[in-house]
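Thanks for coming. I will walk through a few features of one structure, starting with a helix and its neighbours.

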Amino acid sequence: MSEQQSGPSNDSQDKGDWERDLINRLAFAALNEQRRSRRWGIFFKSTFLLFLVLVLLSSLGQSRSALEIGKHTALVEVSGVIAANAEASADNIVQGLRAAFKNKNTVGVIVRINSPGGSPVQAGYVNDEILRLREKYPDIPVYAVISDISASGGYYIAVAADKIYADKASLVGSIGVLMNGFGFVGAIDKLGIERRLLTAGEHKGFLDPFSPVNPEDVAHIQTLLDNIHEQFISVVKQGRGEKLADNKDLFSGYIWTGEQGIQMGLVDELGSSSYVAREVILEEKIVDFTFRPSYFDRFADRIGKIMARTLVETLGLGYPQLQ
């Protein structure tokens, strides 16, 4: 009888051991998961705190350096294509200009331009802001200095300055407007491709590169280009006044050297940034106020664009569009 009773007892004991072991395993797994989550939480909190400290130290360093630099010539760069999402956007340039004029130790401002042009809207924003700052700070002169090239939108910005300086070999001008593209009608005909373009609005698909050119569409676009061109000419005349030469090619879109630019009235004198600071503004020390996004800002902006694009594609929000 005793042997018969020992069997169930052992089975019950084994079952109890197995349940306890399972409970222990689950408990340890939950505990490890909590520890892992806590470690990640500490990591992210520490990283965020470190980022805030670095931003604070950077801001304090900039503020302290702005107070300690003393009298100086402020420099703001306009480099590359002028566009809303580029380094030479109106927002970036204007931010640098405002900081330069606002600094109590700024004696004069140099806008150093090395740009082939770009958006007339962005260039117009900067031109307007320079004129506004000149009026707000009448004791601070602003000079445009052209390095390699100041064409089209770059020159649109330059004419807002008190004077324009350039190197003898600089490229200046290109006072005109263009809009370019390609046509693939012949190519898709040869390949046997059928173009299917659906629109709402009689001219919504105008200048479609895969459709034949419509003379009415071309005429309409030409009126837009002519209108923007007239705006450009008006801004140049406002900035340069009687300095401009009476030359039929002045507003034709041609480009000239800095030396020729003086003869055309597009440039006042030859000179570099250091020359203007030393001989014109009479303050040789140059402090760069150009706004440049930090690496973190660029990274965050890139991540934001990727997330936005992924969201649009996932939800199917890409089409139709109003452009």
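**Helix 3 and what surrounds it**

The buried residues of helix 3 pack against helix 2 (90-102), strand 2 (106-115), strand 3, helix 4 (153-158) and helix 6. Please keep in mind that this is a predicted model.

Helix 3 itself covers residues 120-136, which is 17 residues. From first C-alpha to last it reaches 24 Å, close to the 24 Å expected at 1.5 Å a residue. Which residues of helix 3 are buried? They are Gln 122, Ala 123, Gly 124, Val 126, Asn 127, Glu 129, Ile 130 and Leu 133. As background, an α-helix has 3.6 residues a turn, so residues three or four places apart point the same way.

Next, the aromatic rings. The structure holds five aromatic pairs. In one of them, the ring centres of Tyr 143 and Tyr 165 are 6.0 Å apart and the planes stand at 80°, so this pair is edge-to-face. Tyr 143 belongs to strand 3 (residues 142-151) and Tyr 165 to strand 4 (residues 163-166), so the pair links distant parts of the chain, 22 residues apart. Are these two tyrosines buried or exposed? Tyr 143 counts as buried because its relative accessibility is 11%, and Tyr 165 is buried too, with a relative accessible area of 2%. Ring pairs also bring in Tyr 275, giving a cluster of Tyr 143, Tyr 165 and Tyr 275.

Last, the surface. Met 179, Phe 206, Leu 207, Val 213 and Val 218 make a nonpolar patch of about 460 Å². Among them, Leu 207 sits in the loop between helix 5 (185-191) and helix 6 (215-240). Leu 207 counts as partly exposed because its relative accessibility is 38%.

Technical notes: Residues are numbered from 1 along each chain as its sequence is written. This is a predicted model: local features need pLDDT of at least 70, side-chain atom pairs count only at pLDDT 80 or more; totals for chains, interfaces and linings use all residues. Side-chain values use heavy atoms; hydrogens and water are left out. Patches are made of residues with over 30% relative accessible area and no salt bridge: like charges are joined within 9 Å, nonpolar side chains (Val, Leu, Ile, Met, Phe, Trp, Tyr) within 5 Å. Accessible areas come from the Shrake-Rupley method with a 1.4 Å probe; for residues, only the protein chains shown count as cover. A salt bridge is a side-chain nitrogen of Lys or Arg within 4 Å of a carboxyl oxygen of Asp or Glu. Helices (H or I, at least four residues) and strands (E, at least two) are DSSP runs, numbered from the N terminus. Buried means under 20% relative accessible area, exposed over 50%, partly exposed in between (1.4 Å probe, protein chains only). Rings of Phe, Tyr and Trp (its six-membered ring) pair if their centres lie within 6.5 Å; planes under 30 degrees apart count as stacked, over 60 as edge-to-face and the rest as tilted. The expected span of a helix is 1.5 Å times one less than its number of residues. Contact means heavy atoms within 4.5 Å.
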